[in-house]
Amino acid sequence: MAEVPALRVGIVANEVSGDILGAAVIAELARLAPGVRCIGVAGPRMLDAGCATLFPMERLSVMGLTEVIGHLRELLGLRRELLRFFLKDQPDVFIGVDAPDFNLGLERRLRAAGIRTVHVVSPTVWAWRPGRVKGIRRAVDLMLCVFPFEESFLRAHGVPARYVGHPLADQIPLVVDQSAARRVLGLPATGPLIAVLPGSRLGEMERLAVPFIETALRCLDARPELRFVVPLVNARLRAHFSAVLERLAPNLPVTLVDGRSREVIAAADCVLTASGTATLETLLLKRPMVVGYRVHPFTYHLVTQLRLVKVPYAAMANLLAGRELAPEFLQDRCRADLMAPALLDLLDDPARVSVITAEYARIHAGLRHDAARKAALAVLELIGRSAAG
């Protein structure tokens, strides 16, 4: 009997959340298809899972209409480089992890060349720019959805889609040990603690470090016993945040942590976070949160004037809850005089926090579906491969 050649997978992620999801899928593929070889663009977690990377993931980490325009030549060059690589050394399947504006264009060209394509994490066409669904139909053989309402929407628009659940919901326990998280981070066992998450991209950090640090200062003025902890995903972001901290609040009682956002959130009593996957992670860790976010003013102008956004909330945590359990302070409202009172209100209202944590626990339970395994099985099924176990 002829030996089945090792599975070859092309895979591209462009940010921390994609790195987490990609690593989970790669690990399951390795279990189900021993000897699988993965190569593309990977972050540290995907690298640890055995994926090879063609260049650093950070080179793709650009968000926002205006920001992308500023890096467009480089991004298009990188995409052409990836296209040439995968057309020359064709994988059995290509997996794009999130990053739809980058990955869908790559997937469309690879699919036209006969390479099977899978996209993990549906673009938010149900929330804004719904016209993108036509491009998705041309780009993917299978869309793997992490939220339950996405599958029916996409199928109704002719996109082959499957709901698999969210790997983060499987990885994070339903009951989180706050004391253990504090011990691991070397933080005081008692006393109120606020986690501050000013984003995982440099552009986010440049816009959010100042209002977030100013918010921490206002909270400290009202509650001198407060302490703060900030996870920073890489040395570049740590250097930027540290410089702003030294300028605005050199005496702020804050602990800076390299990575480990999950432990930081778990250790906290309340979280001030940028919008994005961090709000989902905070929900899954059952911590009350305040969400602040700013994009480039021109990006915000385009989005609002053209009415591109079709949903009432920016934070995924609020979209999943169907109500604003996490107060949102966007663009001009992302200010310390508004965010600090919102944080203090959460710290001082245990009854409200109990309602929030109960709802977050309900949502968490509903998202647990052994997502990484289901995603890996769906990939193997698409290309006609049998799972080893």
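Reader: To begin, is Arg-108 buried, partly exposed or exposed?
Author: Arg-108 counts as partly exposed, at 32% relative accessibility. Buried means under 20% relative accessible area, exposed over 50%, and partly exposed in between (1.4 Å probe, protein chains only). This is a predicted model, where local features need pLDDT of at least 70, side-chain atom pairs count only at pLDDT 80 or more, and totals for chains, interfaces and linings use all residues. Residues are numbered from 1 along each chain as its sequence is written, and side-chain values use heavy atoms, leaving out hydrogens and water.
Reader: Where is Arg-108 found?
Author: Arg-108 is found in helix H5. Helices (H or I, at least four residues) and strands (E, at least two) are DSSP runs, numbered from the N terminus.
Reader: Changing topic, is His-119 buried or exposed?
Author: His-119 is buried, since its relative accessible area is 0%. Its place is in strand S5, residues 116-120.
Reader: Which residues does His-119 touch?
Author: Not counting residues up to four places away in sequence, His-119 touches several residues, among them Gly-96, Asp-98, Glu-107 and Met-143. Contact means heavy atoms within 4.5 Å.
Reader: And Gly-50, buried or exposed?
Author: Gly-50 is exposed, with a relative accessible area of 53%. Gly-50 is found in the loop between helix H2 (44-48) and strand S3 (52-53).
Reader: How far apart are Gly-50 and Asn-234 in space?
Author: They are 21 Å apart, C-alpha to C-alpha, and 184 residues apart in sequence.
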